[in-house]
Amino acid sequence: MSDFTLDQLREQVRGAVYASGDDGYDQARRVYNAMIDRRPRVVVRAANTGDVATAVRYARAHDLEVAVRGGSHSVPGFGTVDDGVVIDLAAMRGVRVDPAARTARAEGGATWGDFNAATYPYGLATTGGIISTTGVGGLTLGGGIGYLARGLGLSCDNLVSADVVTADGSILVASEQENADLFWALRGGGGNFGVVTSLEFQLHPVKDIYGGPMFFSLDDAADVLRFYREFIQDAPEQFGGFPAYQIAPPLPFIPEARHGEPFLAFVSCWAGPMDEGESVLKELRDVAPIVAEHVGPMPYPALNSAFDALVPPGLQHYWKANFVRDLSDEVIAAHLDHGPKVPVVNSTMHIYPINGAVHRVAPDATAFGHREATFATVIAGMWPDPAQNDANIGWVRDYYAATAPHSEEGGYVNFMAADDQDRVAANYGGNYERLRAVKRVYDPDNVFHLNQNIAP
């Protein structure tokens, strides 16, 4: 394969191939985080799994680094690389639903918007993310935290099988019946083991939900956070909601005089019987006066896409995260100090609940490493102006430094920054050594290392 030329690559793949100087190259090399600017030697926009396997073999033949781009939401910019091969799955976005079996198979480039659009007409869903433009594959491989997790488990808990191109260009099926060690590792181990070109999920009856955002004044933030700490411990599992620090965007349901003001927001999602939604939220409504809200019945995909406009492609991104067992008074105090300083409308802090069904899965049943945690906190710095990079990165780092001493050592791999490689072992938790063993089987040369990397 050492004489595998670029022209031969173009001939052998069905999808488009972009090299420097080609029309479309600059567009093909762009990634979600505008802070990242790389110049790959070649971008292969795969049309199918065979194209992916060919691209892997080409990279190996020329000893080139491999970057994999699925839904293209990687905050650290792992979906690109200088002078290497980018395998871009953006053209592989199909979703096929089997309503009788209550399963759906999504191609590796599909987003949760694509997935929800296919499953919603059947009144079915599985745990997806908070933003509909997030990739199905990337979210699932890192675990998969979302609105439905307390009731249905993580995205990876609902994974039935996956098609995987491994480091030697082989095409494998991973499931409980085939390559079970690989299947275990894919459910939380990230993109360390190959290129996942399709994912099959178990679906559940979820169609319309009751929920949406509420905005509370900062003066009431402590009461809301303390209420959330207690309420979520034994709340009905159909409830998925979280507090967030958020600058009020210019939306019609928010008083115009308060646009641009920071608030403690609470985003709720009740996926149980519709007529119970209002009563479930009554306790939250009684905590403090609500400044503004947009709460009511809506399609689940509508909530899943409600905040997409705040995070368009092309922003600067820098995030930090931790798992938390308990929202202690000390960690709440840190949030009260740093959350109100959220610098721009795109940036935010979320505290996701990951108890309920997530806790009923054994810690070693999948590679997701922190089943003991109750919350997953993310401090997401997202802003449009690169001139403000230092100030915005500073907000994230200061916030993280204040909360980390009161949190677990590890955090959710999907929220990690590029400078978090020293946290890899802690992020994968007690499953790290087993993940290393699986890595040695399927990728002993660490071809897939542009990720939160598990060294063989």
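Colleague: What makes strand β5 (residues 95-98) and strand β6 (residues 103-107) a pair?

Modeller: Two strands pair if DSSP finds at least two bridges between them. Here four bridges join β5 to β6, and the strands run antiparallel. Val97 sits opposite Ala104 of β6. In this hairpin, with four residues between the strands, Arg102 has a positive phi near 55 degrees. One caveat: this is a predicted model, where local features need pLDDT of at least 70, side-chain atom pairs count only at pLDDT 80 or more, and totals for chains, interfaces and linings use all residues. Residues are numbered from 1 along each chain as its sequence is written, and side-chain values use heavy atoms, with hydrogens and water left out.

Colleague: Why are β1 (16-19) and β3 (66-69) said to stand at the edges?

Modeller: Their open sheet has four strands in the order β1-β2-β4-β3, with mixed pairing. β1 and β3 each have a single partner strand, so one side of each lacks a neighbour in the sheet. From one strand to the next, the twist averages 15 degrees. As for β1, it pairs with strand β2 (residues 42-45) in the antiparallel sense over four bridges, and Ala16 has Arg45 as its bridge partner in β2.

Colleague: What does helix α3 (residues 49-61) touch on that sheet?

Modeller: Helix α3 packs against β2, β3 and β4 (85-88), and its direction makes about 170 degrees with that of β4. Contact means heavy atoms within 4.5 Å.

Colleague: Why is α8 called oblique to α11?

Modeller: Two packed helices are described by the angle and the distance between their axes. The axes of α8 (residues 221-231) and α11 (residues 329-338) come within 10 Å and cross at roughly 140 degrees. That makes α8 oblique to α11, given the cut-offs: under 35 degrees is roughly parallel, over 145 roughly antiparallel, 65 to 115 roughly perpendicular, and the rest oblique. The α8 and α11 crossing is right-handed. Ala221, Ala222, Leu225, Arg226 and Arg229 of α8 make the contact with Asp329, Ile332, His335 and Leu336 of α11. Those residues divide into five nonpolar, one polar and three charged.

Definitions and conventions:
Axes fitted to C-alpha atoms, helices over the stretch in contact; angles between N-to-C directions. Helix = DSSP H or I, 4+ residues; strand = E, 2+ residues; numbered from the N terminus. Left-handed = near helix turned anticlockwise from the far one by under 90°. Nonpolar A, V, L, I, M, F, W, Y, C, P; charged D, E, K, R; others polar.
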